[in-house]
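Hi,

Here is the model I said I'd pass along.

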Number of protein chains: 2
Amino acid sequence: MRDVGNRPTIADIAKRVGVSPGAVSFALNGRPGVSEQTRARILEVAREMNWRPHRAARALGGAQAGVVGLVLARDPRTLGSEQFYTQILYGMQDVLSAHSSAVQMQLVRDTAAEIDLYRHWASEHRVDGLVLVDLQLDDPRIAVVRELGLPAVTLGLPGEPDQLPSVWADDAEAMTTIVDYLAALDHRRIAHVAGPPVYQHTARRAAALRAQVSERGLHAGESVPTDFSDAQGAAATRALLSRADRPTAIVYDSDLMAAAGLGVALEMGIEVPRQLSIVSFDDSVLTRIVHPALTCLSRDTHALGAQVATTLLEAIADASSRVSVRTETPRLVVRGSTARPAG
Amino acid sequence: MRDVGNRPTIADIAKRVGVSPGAVSFALNGRPGVSEQTRARILEVAREMNWRPHRAARALGGAQAGVVGLVLARDPRTLGSEQFYTQILYGMQDVLSAHSSAVQMQLVRDTAAEIDLYRHWASEHRVDGLVLVDLQLDDPRIAVVRELGLPAVTLGLPGEPDQLPSVWADDAEAMTTIVDYLAALDHRRIAHVAGPPVYQHTARRAAALRAQVSERGLHAGESVPTDFSDAQGAAATRALLSRADRPTAIVYDSDLMAAAGLGVALEMGIEVPRQLSIVSFDDSVLTRIVHPALTCLSRDTHALGAQVATTLLEAIADASSRVSVRTETPRLVVRGSTARPAG
DNA sequence: GTGAGTAACTAAAGCGCTATAGTCAACGCT
DNA sequence: AGCGTTGACTATAGCGCTTTAGTTACTCAC
């Protein structure tokens with residue numbers, strides 16, 4: 001086997017330095033119990049021998065696995081723009097690697113599979129903590145995570161406050177930002193192509209839109225649910241644009257659907273932005289690549305990931321932590337897809 | 001600590017059944033040394049107590065970590081559509097989870113960081129094997145992986161044959177398929193917006209294009225290198241289309257660049273497909289979402305990932321394995337972006 | 001100059017599991 | 001009857017590390 005390449009153990013270092021393995025352990029972990037002189041000598045030898053801790057051995061002693069889990073529940077056929085999570089991952093890694101930890105990302109088919117995976121991970125001690133994304137109304141994962149005693153943070157605000165530590169941006173305020181802008185351009189009929197209604201953020205955005213519409217006396221504020229796929233995004237757009245009093249502006253819950261919607265407008269001969277304004281809730285290359293480029297909400301996703309990691313590390317260190325970190329509300333980046341409506 | 005939630009160990013089962021821990025281990029691992037009757041009893045109790053192996057404990061005994069690594073070296077700013085790797089990941093997982101293994105995916109900035117990570121993983125016994133992607137000419141990772149004694153498979157053919165087990169598709173043939181089709185449509189000036197020239201697949205495609213062009217007596221066959229970003233894809237397209245004898249067809253190494261190229265054509269008032277045909281080497285939502293939808297090479301990425309996982313598992317089981325699995329050549333999916341050139 | 005206190009260690013147990021070397025009874029064979 | 005076998009176990013060591021409970025040698029106070 002390849003394991004014959006016997007890597008150095010703590011005992012090897014001990015022998016070489018002439019102390020006991022315990023002393024080496026103390027030295028390497030910055031614990032008291034060895035003189036500064038011996039510590040220095042041990043560290044030197046360890047570096048020289050290129051020693052690295054054996055994670056499994058540490059984990060066995062009850063220590064941490066050095067891995068946090070991030071599960072994405074997606075229908076494999078509707079793999080949308082994973083850009084967002086790629087960035088989140090990147091941001092998390094940057095923080096975690098400084099704590100010699102890593103992210104274990106896994107894709108599963110649905111929430112049931114996600115929950116199975118959590119149980120599995122917990123029973124095998126594979127992860128030290130979890131990041132829960134795509135929060136749902138009455139999310140079943142929260143109870144499971146609590147039952148398993150796994151530290152976790154949610155990306156997005158859970159339904160009830162104080163359920164779990166969370167990192168979130170204000171969806172309602174974000175929607176308000178968009179409506180503010182569209183209303184200022186004199187749009188009166190604004191529609192919303194939303195994600196699946198089970199998601200907290202979708203529900204919050206739809207509610208915010210309704211509130212804004214009634215507050216400002218606008219004409220429409222309907223949210224059309226979809227499964228986030230480009231196909232349903234297109235279909236919803238087609239339906240909205242086929243109406244007699246069709247909206248002059250559509251807000252999309254994802255960049256992918258916004259791009260698909262743009263395609264539909266093109267196909268129906270409706271000019272963007274002259275006859276229809278389009279706003280996307282997500283930013284990515286996609287919004288920049290289509291023509292006209294899409295006005296969208298943009299946020300520093302990398303920083304968001306880093307924040308999530310930081311919060312998770314705290315939750316791991318202090319199981320009773322229940323902090324709720326509010327991040328900056330995404331800001332509106334205006335591009336070519338929005339304008340004052342014609343006529 | 002949360003670990004107080006004492007999960008059952010093999011010793012607990014032993015006590016309950018009234019045998020020694022060793023016997024339980026035999027029973028659970030399907031090893032001889034226990035009667036069928038006792039084995040059945042042990043398995044029953046294990047299920048009842050919801051026992052799961054503690055991975056760290058197993059790994060400590062020299063067993064496998066149950067994780068394979070996949071590192072993507074990317075400049076965080078030019079994170080393209082990672083759809084391809086998302087699908088690969090999915091395909092791998094489906095195979096690996098049947099062997100109670102998982103993929104550890106990590107994003108790093110460059111190849112140097114990637115190599116560091118491999119050394120780190122190896123020294124910590126974190127992974128059982130690696131998947132090497134985006135193969136380069138004279139790839140430095142191959143020597144490192146060999147030195148570390150880590151089983152690995154390459155996704156894409158390495159420079160020298162028999163360096164490592166690999167799973168690959170024939171890039172030259174794929175390019176030939178495209179040129180065949182374009183030539184049949186009477187395109188004479190075909191250009192190629194390529195990736196960075198260090199990549200094996202880019203080099204192979206460029207070479208195949210040159211070969212085809214000279215063989216068929218076409219007029220151009222230039223490959224313009226880029227960094228895979230939409231910006232450079234757009235710039236390359238702009239340069240090509242600004243020439244007096246501009247190409248009538250452009251082949252792009254990625255869907256992202258193809259979409260960006262389409263945008264440039266639009267911006268320059270060059271009609272697609274009447275005045276310019278566009279072909280992408282990659283398929284994804286992106287190619288379907290733009291207008292016109294892009295003609296592209298398509299392959300079953302999920303199956304590809306599964307194949308990679310299978311090959312890797314073999315390589316882990318048999319370190320001397322050097323199989324080279326050729327997968328089907330991507331097939332051409334014709335959409336609206338290609339046509340007979342005008343005039 | 002004796003006892004308490006402390007710094008700097010060592011010894012040893014233990015984390016959960018696997019693996020190897022016994023042990024012991026039942027069996028078959030000459 | 002005595003021998004070697006076999007099957008079904010048990011006992012034990014060990015994987016690499018952490019951690020607790022010692023054990024020294026020293027220092028300091030009175």
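Predicted model: local features only at pLDDT ≥ 70, side-chain atom pairs only at ≥ 80, totals over all residues.

The surface near DNA strand C splits into 12 nonpolar, 12 polar and 1 charged residues. For that sorting, Ala, Val, Leu, Ile, Met, Phe, Trp, Tyr, Cys and Pro are nonpolar, Asp, Glu, Lys and Arg are charged, and the others, Gly among them, are polar.

Residues are numbered from 1 along each chain as its sequence is written, with chains lettered from A and ligands numbered from 1 in the order in which they are written.

Back to the DNA: helix 2 (21-28) of chain A, plus helix 2 (21-28) and helix 4 (55-60) of chain B, each supply at least two residues of that surface. Helix 2 of chain B gives the most, with 4 residues. (Helices, H or I with at least four residues, and strands, E with at least two, are DSSP runs numbered from the N terminus.)

That helix 2 of chain B also packs against helix 3 (residues 36-48) of chain B, at about 90 degrees and with the axes 9 Å apart. Axes here are lines fitted to C-alpha atoms, for helices over the stretch in contact, and angles run from 0 to 180 degrees between N-to-C directions. So the two helices of chain B are roughly perpendicular (65 to 115 degrees). Helix 2 of chain B brings B:Ala23, B:Val24, B:Ala27 and B:Leu28 to the contact, and helix 3 of chain B brings B:Thr38, B:Arg39, B:Ile42, B:Leu43 and B:Ala46 (contact is C-beta atoms, placed from the backbone, within 7 Å). By type, that is 7 nonpolar, 1 polar and 1 charged.

Now the two chains. Their contact takes 45 residues from chain A and 47 from chain B.

As for symmetry, a rotation of 180 degrees with 0.0 Å of shift along its axis superposes chain A on chain B, RMSD 0.2 Å (least squares on C-alpha atoms of residues with pLDDT of at least 70 in both). That is the relation of a two-fold axis. In chain A, A:Ala56 comes closest to the rotation axis, at 2.2 Å (C-alpha).

Cheers

Note on methods: Parallel < 35°, antiparallel > 145°, perpendicular 65-115°, else oblique. Contact = placed C-beta atoms within 7 Å.
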